[in-house]
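Reader: I would like to go through the labels put on this model and hear what each one rests on. Please set the values against the cut-offs.

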Amino acid sequence: RLPSLTRLLPAHVVAAWVALGVSALYALASGWGVPAQRTVWMMVFVTVLGSVGRRWPWPLVWLPGAALVSVTDPWALAQPGFWLSFVAVGVLLASGVRVPEASADEWAEGRWWSRWREAGGELLQTQRLVAVALAPLALVCFQQVSIVGAGVNLLAVPLFTLVFTPLALAGVVFPFFWDVAAWGLEASWWALSVSAQAPGAVWTVPALPGWVAACGIAAAFVLALPGRWHWRVLALPFLLPFFRLPDAWHLLPRPEPGQFSAVVLDVGQGGGTLVRTSSHTLLFDAGPLRPDGSDLVERVFAPMLQSMGVKRLDALMISHDDADHSGGAQSLLDSTDVGELMTPFEPGHPLRRHADQHRACVAGMSWTWDGVVFRVLHPGPLKAGVSDNARSCVLQVEASAQQPVSLLLTADIEADQERSLLAHWPASRLRSTVMLVPHHGSRTSSTPEWLRAVAPRQAVVQVGLRNAYGHPSPAVMQRYAEAGIPTVTTPVCGAFVWESTELAAVASAVPGSRSQPALGRCWRSTRTHHWQQ
């Protein structure tokens, strides 16, 4: 508009610096997230280089931007957004995707339609490259990726960029525009929700080994680069584990036929134990109900099942109707394919009405999966009006391929139920290799007679850190130590993982220790976070 000024400052240089300043202000106003930091620092490099008449290869702009974000915000390296953002931009830069530029003369001559068509083609190309390059990275970070995401972004990116963002900024001066943006966002949110809930909208995979993840990410990057296909197709075999991960490469491989594995979850003050055979899965208890009415299914159970590649629960056994054991049962029934629900509940209980199949949990019930025997030892016939704890299901899982190896899940039984079990079953039946400590280590449980009969080689206390009940009772833990039974607690151990093939106790294990198990392993010791060092 002012040609004389272009002799002093070229228009494109002024535009670049103004764009940089506005982008930096917008990034600060939006919270200075990792993608925003990446955008600003890379714009700084490009703008400075353009002002001095230099043009560097894209890696020399991309890598310093990543280095600056890492230096100024080291925690960004632990965020998936850092890797997703920089990999996406790196793929676009390496592939040569450009933003179409139109001169004023072209618009004046009526060729605007061809420019819009070219811009649409570039948008399609961008979404294709980003979808291919980021799918393996998203599967590594979240164990899932959206199948409908690329198609949705073709509409969502222009809509949010060209409509909602300007409306949100305009609302600072004219608040009416916020109402307009809110109406549009509400309609968009409905459309996005419908897309997300469509069948096959999300592709999930189990947790991947580090080397498989690295190879897959590199292969996707190669596929997105320009070049001849007969060279790029050589990267395809490295993506096969994302479609079918061999069982031996799983986070926790399934046991062999005749054996089982158990994961006693760290769910706070509550219960939740996963038992797997070679082709079946049972979950014993569904975790606690939180004070705000939520449960731990979305935060703990669902990610755990997804990471292990478990897509179906053959059985969900809820030991009794206390909220710390049954709190997540309804959410599991709603969100997970559950074959059979097993409970001691009365016929009118809400959970029984929502289950497709229900089986009463009563003493004497047994079944066999893949050579592993499951036995319910309690409850038997009970008097009316007894407590929920007295109704607790007690489950014993036994593998007897060579010598009997068993897991005893005791829920919240107390001293009276322990005496009833001792009277009804011989000590040889109750004897178990690993035992879940009854009632979270309450002083009303774990009688000396019970400990002598079961005589576990390892006891696990599933309990919440600094819980209001004072569990586990110091007197009870002293009782285990005097009986020579090693114990671990889930707040210290994290998830306790044990495979029935492991029989030999660790010679250096200290009875009464709550951090080093004699059998099995503590997940926290194998996956220690940096703040736990």
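Reader: Which residues form one aromatic cluster with Trp83?

Author: Phe82, Trp83 and Phe86 make up one aromatic cluster. The model is predicted, so local features need pLDDT of at least 70 and side-chain atom pairs count only at pLDDT 80 or more, while totals for chains, interfaces and linings use all residues. Residues are numbered from 1 along each chain as its sequence is written, and side-chain values use heavy atoms, with hydrogens and water left out.

Reader: How many aromatic pairs does a search of the whole structure find?

Author: The search finds 12 aromatic pairs.

Reader: Why is the pair of Phe82 and Phe86 called tilted?

Author: Rings of Phe, Tyr and Trp (its six-membered ring) pair if their centres lie within 6.5 Å; planes under 30 degrees apart count as stacked, over 60 as edge-to-face and the rest as tilted. The ring centres of Phe82 and Phe86 are 5.0 Å apart and the planes stand at 45 degrees, so the pair is tilted. Both residues belong to helix H4 (residues 80–95) and are 4 residues apart, about one turn of the helix. Helices (H or I, at least four residues) and strands (E, at least two) are DSSP runs, numbered from the N terminus.

Reader: What makes Phe82 count as buried?

Author: Buried means under 20% relative accessible area, exposed over 50%, and partly exposed in between (1.4 Å probe, protein chains only). Phe82 has 4% relative accessibility, so Phe82 counts as buried. Phe86 also has a relative accessible area of 4% and is therefore buried.

Reader: What makes the pair of Phe160 and Phe164 edge-to-face?

Author: The planes of Phe160 and Phe164 are 80 degrees apart, with 5.0 Å centre to centre, and the pair is edge-to-face. Both lie in helix H7 (residues 149–170), 4 residues apart.

Reader: Where is Val310, and why is Val310 called buried?

Author: Val310 is in the loop between helix H12 (297–307) and strand S6 (312–313). Its relative accessible area is 9%, so Val310 is buried. Contact means heavy atoms within 4.5 Å. Leaving aside neighbours within four places in sequence, Val310 is in contact with Arg276, Thr281 and Leu305.

Reader: In which sense do strand S15 and S16 pair?

Author: Two strands pair if DSSP finds at least two bridges between them. Strand S15 (residues 434–436) and S16 have 3 bridges and pair in the parallel sense. Leu436 has Val460 in S16 as its bridge partner. S16 also pairs in the parallel sense with strand S17 (residues 487–489), over 3 bridges, and Ala459 stands opposite Thr487 in S17.

Reader: What makes both faces of strand S16 count as covered?

Author: In strand S16 (residues 458–461), Gln458 and Val460 on one side and Ala459 and Val461 on the other are all buried.
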